[in-house]
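Reader: I've got the sequence and the model open side by side. Can you walk me through a few spots?

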Amino acid sequence: MITEKEGIFYLNTKNTTYVFGVTKFKHLEHIYYGTKVTSEVEIGAIRHKHSAQTGTTVMYDPSDENYSMDTLPLEWSGCGRGDYRNNPLEAKMSDGTFITDFTFQKYEIIQGNVPMQTLPSAYGTELETQTLVITLFDEIQNVTLTLYYSVYEACDVITRRVVMTNHAVKAVSIRKIQSMMIDLKYRNYDMVTFDGGWIREAHKHTKEVTYGMLVNSSTTGNSSNRHNPGFVLAEHTATQDHGWVYGFNLVYSGNHYSCVERSNRDLVRVSIGINPHCFEWQLKQDESFETPEAVMTFSPHGFNGMSHQFHDFINQHIIRGDWKGKERPILINNWESDFFDFHESGLLKLAGQASKLGIELFVLDDGWFGERNHDKAGLGDYQVNHKKLPHGLTGLSKKIKAMGMDFGLWFEPEMINEDSELYRRHPEYAVKVPGRKPVKGRNQLVLDLCKEEVRQYIIEQVGTIIDEAELSYVKWDMNRHISEMYSEALLLQGEFAHRYVIGLYEILQSIFGTRPHVLLESCASGGNRFDLGMLCFSPQIWVSDDTDPIERLKIQEGLSYLYPQSTFGAHVSMAPHQQTLRNTPLSTRFNVAAFGCLGFELDLKQLSPVEKKEVKDQIVFYKRYRELLQYGIFSRHEQLRENQKSWQVTSRNARTALAGFYQTLGQAAVGMDQLSVRGLQQDVFYSISTRPQNLYLDRFGGLIKHAMPIKINPKGAILRTANQIYSLKDCVETYQASGRMLEAGICLNDQFMGTGYHNNMRMLGDYGSNIYLIEQNIN
């Protein structure tokens, strides 16, 4: 996988090659990252040429007037030596300057990867992974940079990180240090980021990489719902299945910073790492600082090709413990049903109905502790509210388990309310700046995870409840950004944001590392901390507080570029939806949530008998195809119409696939729809059928009275009653086609066009959808 020949390093994966070399002045020159290089002879052709001096550049050494740091494609760059592009390192050195010049000293190739000391990272066996360790040294400053390149051959992924060590007597003050830097040749790139906010996370945005810098960053104290740390660099003509596409991400849950800069010489510098905003870290003699691990992949097969590689890498080398590769349970969460207003008797009724429908896990959300009757009190306390739960969590847990379900619980351990027993005993546990009135988010303050006693309090309290209540699942929430970055435990406040994240990882490892059977679902007001760092501890993450499936189409699709669907917490909720007031069909709510880890936030008591039957059928279908839906090869399709989306998952053996077809807003007299399914065996025949779903009478509105032999009020008691116990069956299509023809696209039945209803008409309208089952014919 990794070889070195005459000062050139070759990092080969199954389908890609990454090449860099040592220049005559001992800098690391990036040569190539792309499709597999089959012969070393090709390196001379693809290597950057330095045959002429460039005006207004700074000559590095008088022996070669063409050698300038500003025009070289580099793997790492120094400060003050003639490179005026975005620099990966800014540090005040022991001599008082910011000037650095790191040159090659030695290398080592190691089987497996090298674990980090303070941060989580990817992992792999000695058969799966190889690591190249490059040592750079600044002789003047007496500082070492160690660059780690780990190659995950089967996944076509390479990770990079940096460790900086100060050997000088005087301290070094780091103000910016990135995890990686690479200079790529320009190929008419776009930068694709995934941005948004609360209840609208991870919307895809595309920006042309023109001259200057594009930045993707967070300063909220977490990876944020504003800008996910992952991003994509793609040829402008790239599609879902064709074109050169690079993916980048960071194994980190705090403030991040990524920069893509196109230089005047048409080199594109890409860097990613910790955000330098308010960051300062002091290195005394012989102390080291390690950056988070950066992850990168390349595919010539478009966005789907890149995503498949990221998905495999995350499932194989980020997710760990008992839940790696394990099917996730179907859960019901009581939040949208109850908010803070619940009692054990009502919870047990909900659980009893859930058990009859086939749900496997009951999750009690916020409001079970202290005086938590609203969001202004109780955070930080862990004593059970016995007015709501007279038999405690243990009693509730036993009763739910007796119904055949597991029991899970919501926590928000990083936060504290001023109206809490913890705050009254330990106000010093909260993050506050002396002399300033603290600012709050959702009526709460942040606990200071830089303090050992705070971390131990959380570890002991959460761990005790997990054990006593015999929890099999924990939802870990964080419902505000961090604003005042101050801790009395620190001498240098520029360390706060990073030390907070290190403290969080220590807590998670202490609690869940010793309880690997517990499924942790991370949450931060939804997808405010959806990142690779959290996925090292939390096999699934709550995607968004928005459970409207039409909004979820954009959110889940955006995240799918970077993360596998096995990590998506996706629930079916009541409609009209609490976030948008949009009224969507129960079928569409399921058809979107099924492409993830399925859950429900329905008040089952309010469902009609026919709706309960539909939910039960949905659960039966999901259980049958759960492995495929959670771990199948997920692909997106190009949108033929702006109001439609198509997703698919395909089994590894290409025998089975499920395709989702979604329509946001209906259109009048729409043309023919097509269903395309990729990744199947070309000359093998498959059976295609629609998953059966209900079509409710009230969907037709006033038209229903024209279809009846007698005139009936469409809003009257008769139809309201009928709608509770009876529904029509939506159109079910069945076809036979080869994998080759399915890839080309098959024609679907017409949609409703205002001319009547019959069994062969697809009734999508606004917010309609279908799931199609594609199974290989067995001779």
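Reader: Which residues of helix 10 are buried?

Author: This is a predicted model, and in it helix 10 is mostly covered, with 11 of its 12 residues buried. Going along the helix, the buried ones are P549, I550, E551, R552, L553, I555, Q556, E557, G558, L559 and S560.

Reader: How far apart are the end C-alpha atoms of helix 10?

Author: Helix 10 covers residues 549-560, and at 1.5 Å a residue its 12 residues should span 16 Å. The model agrees with that, as the end C-alpha atoms are apart by 15 Å.

Reader: Which residue's side chain reaches a backbone nitrogen at the start of helix 10?

Author: Look at the backbone nitrogen of I550. A side-chain oxygen comes to within 2.9 Å of it, and that oxygen belongs to D548.

Reader: Is N228 buried or exposed?

Author: N228 sits in the loop between strand 13 and strand 14. Its contacts beyond four places in sequence include F194, H256, L559 and Y563, and its side chain makes a polar contact with the side chain of Y563 at 2.8 Å. A polar atom of the N228 side chain also lies 3.0 Å from the backbone nitrogen of G230. The relative accessible area of N228 is 4%, so the residue counts as buried.

Reader: How many disulfides are there?

Author: A disulfide needs two cysteine sulfur atoms within 2.5 Å. For C259, the nearest cysteine sulfur is that of C79, 15 Å away. The sulfur of C278 is 14 Å from its closest partner, in C450, so that pair is too far for a bond. The count of disulfides comes to zero.

How values were computed: Residues numbered from 1 in each chain as written. Predicted model: local features only at pLDDT ≥ 70, side-chain atom pairs only at ≥ 80, totals over all residues. Heavy atoms only, no water. Helix = DSSP H or I, 4+ residues; strand = E, 2+ residues; numbered from the N terminus. Expected span 1.5 Å × (residues − 1). Buried < 20%, exposed > 50% of the residue type's maximum accessible area, 1.4 Å probe, protein only. Polar contact = N/O pair within 3.5 Å; in protein donor to acceptor, adjacent residues only side chain to side chain. Contact = heavy atoms within 4.5 Å.
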